[in-house]
Amino acid sequence: MAGISFQIDWQDGDGLKGTELAATFASLRIDVQGETLTQVFDSWARTVRDHLFVPLYPIAEWLASNWWFLLFEHENVVKCDDPAFAYRHSLGTAADGYAVPDLTVVASGARTQLRWAPQPQPWTRVKFLNSGSAIVDRGQFRQDCADFVDTVIRRLLAHGIGSTFLQDEWTAIQAADDEEASFCEMSAGLGWDPYDLDDDSRDRVISLSEQLGDLSEEAVPVIDSADPSKDCSAILAAIRAAKPNVLLTDDSLPSFIPHQSTAERPWEGGYRLAREARSEFGLDGLPIPDTESLASALNQSLATLRRATEPVAALDGLQLVDGVVTRGASGGMSLGLKARGETGMRFLLCRALCEAISSHQDSLVTRGTTQRQQRNRAFAAEFLAPARSLRERITHPIVDAEQVDDLAEEFGVSTQVILNQIENHRIAQFSAI
């Protein structure tokens, strides 16, 4: 999977204010998966070109200053409304009066999500032309950006420039050993600058890491950074409360061994896993329209399912965590869910089932955007409303709201699940008229 490409051609920066800016003035082209982010219309020359003329120091400094955030801080519905989050993740904050692409970079597990759009920049003579998005391999993105920063620093040194903020920050990043890197990853995941913490905050990060253990990867993207210790305690309490809520024993869980190709996107893995699970349960394309049908599909009594899905009070104070999955004393799948209506409960239960099939470790069902959450959402949608079954019922290229409502009732899911399945599997186009 390709990363991000920086093509640099150094230019004469004489006349620019600031030695770092003058030394790093260049022609810059940025490409992501065949898309050129730096394609612009130059209003002075009346031409379209694929590169910018811009000092590279501010861009390199932005990458170094936000290094850990770009690689390890995820989006969530709360952070999306936080200007500080946008500042950490938007290349536009590095403009320094020059035209740069409106590129947003956010973590997505082992991948990195990139989005760009042609935002107006009235103080410049150029207009950006392209918009788009891409998901790239985090390791490749990291290496590509590191190479860019190294190139800029070598240019500074060639001009006799040293001890800049960029060079000092990059030295600290490069010197981080495994333990410090882990600390920086968790701190940045919370939205905390790992190089600007007091002793109390550093201790809190270390304590969180020790308490959450393997849960950190899913918990950190969704816990409240204003009071992470409170959310951490609530998650651990929910797992303890869920232990007795055994729904499926190891013998009744699907027996196949799940696998995931490194080239497989998370939602594709979720769809595949759901089809395999339905096959193991002998469901084929049959709808599971209500809770009793779901209990029967899982070879459980309705009473057992209802007992196992009783709301867990410890989850009430968690804004973005909807469920926990753990193992009871006798093994199998135990779960704790937030209070939901029947339809919402079935969807959460199926997300939890995906986690139980995929891992024997404690796990979370959240409103986060990590690869794992993308996978379990796709699993639940496909398990409850298989794309193949929808294709059999939708015989025209256009589907209307009434038919979507009928399908939602037949399969026992929300209309949004049906709409997502229709769109994601390219089954038909939806018309609200």
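How far is the sulfur of Cys232 from the closest cysteine sulfur, and in which residue does that sulfur lie? The distance is 20 Å, to Cys184, which is too far for a bond. I shall return to the cysteines after some remarks on the model.

This is a predicted model, in which local features need pLDDT of at least 70 and side-chain atom pairs count only at pLDDT 80 or more, while totals for chains, interfaces and linings use all residues. Residues are numbered from 1 along each chain as its sequence is written, and side-chain values use heavy atoms, with hydrogens and water left out.

To the cysteines, then. The structure holds zero disulfides (a disulfide being a pair of cysteine sulfur atoms within 2.5 Å). Cys184 is in no disulfide, and the nearest cysteine sulfur to its own, that of Cys145, is 17 Å away. Cys184 is buried at a relative accessible area of 1%, and Cys232 is buried at 0%. Here buried means under 20% relative accessible area, exposed over 50%, and partly exposed in between, with a 1.4 Å probe and protein chains only.

Next, helix 5. Helices (H or I, at least four residues) and strands (E, at least two) are DSSP runs, numbered from the N terminus. After helix 5 comes Gly160, with a positive phi near 75°.

Helix 6, residues 165-175, buries Leu166, Gln167, Glu169, Trp170 and Ile173. These residues lie on the same side of helix 6 because they cover an arc of only 165° around the axis, the arc being that of the directions from the helix axis to the C-beta atoms. Thr171 and Ala175 are exposed on the face turned away from that buried side. Helix 2, helix 3 and helix 5 are among the elements that cover the buried residues.

Finally, the cores. A nonpolar core is a set of buried Ala, Val, Leu, Ile, Met, Phe, Trp, Tyr and Cys residues joined through side-chain atoms within 4.5 Å. The largest has 80 residues, of which Trp68, Phe148, Leu166 and Ile235 touch the most other members. Helix 5 gives the most to this core, with eight residues. A second, separate core of 50 residues includes Ala295 and Leu353.

Terms used. Contact means heavy atoms within 4.5 Å.
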